[in-house]
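Here is a short briefing on one structure. Please read it with the model open.

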Amino acid sequence: MADLKQFLRFPFEDREWLVKMLLGSVITIIPILNFLSLGYFIRSINYGWRGSRKLPNWDNWSELFRDGFMVFVISLGYLTIPLILGSLIAMIPGIGIALASIIIFIMGLIIPMAIANFAIRRNVRDAFSFGEIFYLASRVFNFYVISCLAATLGVIMGIALLIGIPLIGFIGGVFIFYCGVVFSNFLGTIYHEATRR
């Protein structure tokens with residue numbers, strides 16, 4: 001597996017990195033249109049799975065949008081029940097909020113591997129193959145959890161910049177898109193590792 005520095009710098013080694021990154025950053029901060037970014041992350045997962053450290057092209061926009069919409073549906077499918085259950089559990093005095101947070105956190109950790117399974121297999125049913133998803137995540141557990149937490153932190157920081165500093169908030173979009181591309185490529189790589197052992 002490539003080292004961390006290689007993953008962090010690979011987006012800037014593409015000859016068209018500036019155009020690709022700026023386009024992705026703008027699309028990421030526009031509601032509905034940002035499904036294209038989610039679709040782009042699916043492509044990045046596939047690139048990582050194949051061992052390619054480069055940025056995908058921005059082409060076949062209908063496919064990008066369709067894939068992005070499927071990422072949204074898969075995420076919603078995973079989070080709907082935990083959010084409803086979590087809101088009910090949160091009402092339990094004392095430990096309710098802690099238990100609800102744990103449930104939502106666990107489901108949040110499962111989603112990336114579910115999306116990777118969809119990205120590689122191209123069938124939405126594979127995103128809900130719970131046994132296989134848990135098995136794959138367990139095979140690369142340390143890399144997987146650390147990368148999920150790092151990506152989440154990066155996106156939170158990007159959102160904070162986007163909302164908190166209106167004049168230069170675009171930097172937040174750049175940060176969110178960059179984290180998404182790097183994480184997606186890494187996710188594809190560790191998915192490959194999980195399936196070949």
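How many residues does helix 7 have, and how far does helix 7 reach from its first C-alpha to its last? Helix 7 has 24 residues and reaches 34 Å, close to the 34 Å expected at 1.5 Å a residue. The expected span is 1.5 Å times one less than the number of residues. Helices here are DSSP runs (H or I, at least four residues), numbered from the N terminus.

This is a predicted model: local features need pLDDT of at least 70, side-chain atom pairs count only at pLDDT 80 or more, and totals for chains, interfaces and linings use all residues. Residues are numbered from 1 along each chain as its sequence is written, and side-chain values use heavy atoms, leaving out hydrogens and water.

**Helix 7**
- Buried residues of helix 7 are Tyr144, Val145, Ser147, Cys148, Ala151, Gly154 and Gly158. Buried means under 20% relative accessible area, exposed over 50%, partly exposed in between (1.4 Å probe, protein chains only).
- These buried residues pack against helix 5, helix 6 and helix 8.

**Nonpolar core**
- The largest nonpolar core has 45 residues, and Met113 and Tyr144 touch the most other members. Such a core is a set of buried Ala, Val, Leu, Ile, Met, Phe, Trp, Tyr and Cys residues joined through side-chain atoms within 4.5 Å.
- Helix 8 gives the largest share of this core, 11 residues.
- Met113 touches Ile133, Leu136, Ala137, Val140, Tyr144 and Tyr191, not counting residues up to four places away in sequence. Contact means heavy atoms within 4.5 Å.

**Helix 5 against helix 8**
- The two helices pack at an angle of about 75°, with their axes 10 Å apart. Axes are lines fitted to C-alpha atoms over the stretch in contact, and angles run from 0 to 180 degrees between N-to-C directions.
- Helix 5 and helix 8 are therefore roughly perpendicular (65 to 115 degrees).
- Pro112, Met113, Ala116, Asn117, Ile120 and Arg121 in helix 5 meet Phe183, Leu187 and Tyr191 in helix 8.

**Glycine 173**
- Gly173 sits in helix 8. Its relative accessibility is 0%, so Gly173 counts as buried.
- Gly173 touches Ser25, Ile29 and Leu162, not counting residues up to four places away in sequence.
- Gly173 and Leu162 are 11 residues apart in sequence and 6.5 Å apart in space, C-alpha to C-alpha.

**Positive phi in loops**
- Asn60 lies in the loop between helix 3 and helix 4. Phi of Asn60 is near 50°, a positive value in a residue other than glycine.
- Arg122 lies in the loop between helix 5 and helix 6. Phi of Arg122 is near 65°, and Arg122 is partly exposed at 42% relative accessibility.

Conventions. Parallel < 35°, antiparallel > 145°, perpendicular 65-115°, else oblique.
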